[in-house]
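Subject: Handing over a structure

Hello,

Here is the structure I promised to pass on to you. Have a look at it first, and then read on for what turned up in it.

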Amino acid sequence: MTLLVVHMQETFPAARYEPVGAACEVEVVNAIKRGDDIVIAEWLGHGPTLERLLRHLASYPRWARATRPGMDASEAVLETCRTQGFDASSFRSCGVETFHCLAATVEGLARRAPGCAIEVVAEATVDKVIGWGMFPEVPNTMLVSQKPNTAPQSLAPGRTTIPRYR
C-alpha cells in the first residue's frame, strides 16, 4: 500500500487546520511503522508540504514527492510510483481539500489505474463548504476511519459528514 498525502502545503489554509494536520501526521507515522511507500503530492508553485509531516520522512527511504500544477495529482503520483518502484495497486489517501484536490486526485487514480484500491481517511481531510455528499462516486474507493473498529463505507453521496474549517 502507498500512503498518498495530497496538497498539505503551507499556502493552503485547509492544510493548516489543526485536526487535519494532526490526522495526516498520524497517517505518515503509521505508514512508516508499516513500511509503506509514501507519496507527497504537491501543487507546483504553492510552497512546501508542512514541516510537521516532512520531519518524519527525513531518514525514511520509501518516500517521494509528486509535483505538478493543478488539482489532479494522479498522473504525477502514478509516474512517481513507477519510477520509484512503489506499490500502485492500493492507496491510502489524505490531505486537502475533500471536494477539490483530494477528490480530483482520487478520481484520476481510479480512471488512470482502474484496478487500484483507494482508501480515503475521513479524519485526515477537510472541506470548508461542500462535504462528502458531493464527493464523486469513484470505483474501488472506500471511506475509512482512524478510529478502531470502524467499518469502511462506500463513498456514495450523502453517506457521512466531514469536518469543516473556519
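**Overall layout**

The protein chain holds four helices and seven strands; helices (H or I, at least four residues) and strands (E, at least two) are DSSP runs, numbered from the N terminus. Starting at the N terminus, the order of elements is β-α-β-α-β-α-β-α-β-β-β.

Two notes before you go further. This is a predicted model, where local features need pLDDT of at least 70 and side-chain atom pairs count only at pLDDT 80 or more, while totals for chains, interfaces and linings use all residues. Residues are numbered from 1 along each chain as its sequence is written, and side-chain values use heavy atoms, with hydrogens and water left out.

Of the 166 residues in the protein chain, 50% are buried. Buried means under 20% relative accessible area, exposed over 50%, and partly exposed in between (1.4 Å probe, protein chains only). Among contacts in the chain with a separation of 6 or more, 73% are between residues 24 or more positions apart; a contact means heavy atoms within 4.5 Å.

**Helix α1**

This helix has 17 residues and spans 24 Å from its first C-alpha to its last, close to the 24 Å expected at 1.5 Å a residue. The expected span is 1.5 Å times one less than the number of residues. Buried residues of α1 include V20, A23, C24, E27, V28 and A31. The buried residues of α1 pack against β1, β2, α2 (51–54), β4 (90–96) and β5 (117–126). After α1 comes G35, with a positive phi near 80°.

How many of the residues of β4 are buried? Seven of its seven are. S90, R92, C94 and V96 are buried on one side, and F91, S93 and G95 on the other.

β4 runs parallel to β1, joined by five bridges, and R92 is the bridge partner of L3. β4 also pairs with β5 in the parallel sense over six bridges, where R92 partners E119. Two strands count as paired if DSSP finds at least two bridges between them. From β4 the chain crosses through helix α4 (residues 98–112) to β5, and this β-α-β crossover is right-handed: with the strands pointing away from the viewer, the path from the first strand over the helix to the second runs clockwise.

E97 lies in the loop between β4 and α4. E97 is 90 residues from H7 in sequence, yet their C-alpha atoms are 8.0 Å apart.

**The cores**

A nonpolar core is a set of buried Ala, Val, Leu, Ile, Met, Phe, Trp, Tyr and Cys residues joined through side-chain atoms within 4.5 Å. The largest has 24 residues, of which V5, M8, I38 and V96 touch the most other members. The elements giving it two or more residues are β1, α1, β2, α2, β4 and β5, and α1 gives the most, with five. A second, separate core of 23 residues includes A64, F91, V106 and L109.

**One aromatic pair**

A search of the whole structure finds one aromatic pair. F12 and W43 are tilted, 6.0 Å centre to centre with 45° between the planes. Rings of Phe, Tyr and Trp (its six-membered ring) pair if their centres lie within 6.5 Å; planes under 30 degrees apart count as stacked, over 60 as edge-to-face and the rest as tilted. F12 sits in the loop between β1 (2–6) and α1 (18–34), and W43 in strand β2 (residues 37–43), 31 residues apart.

Best wishes
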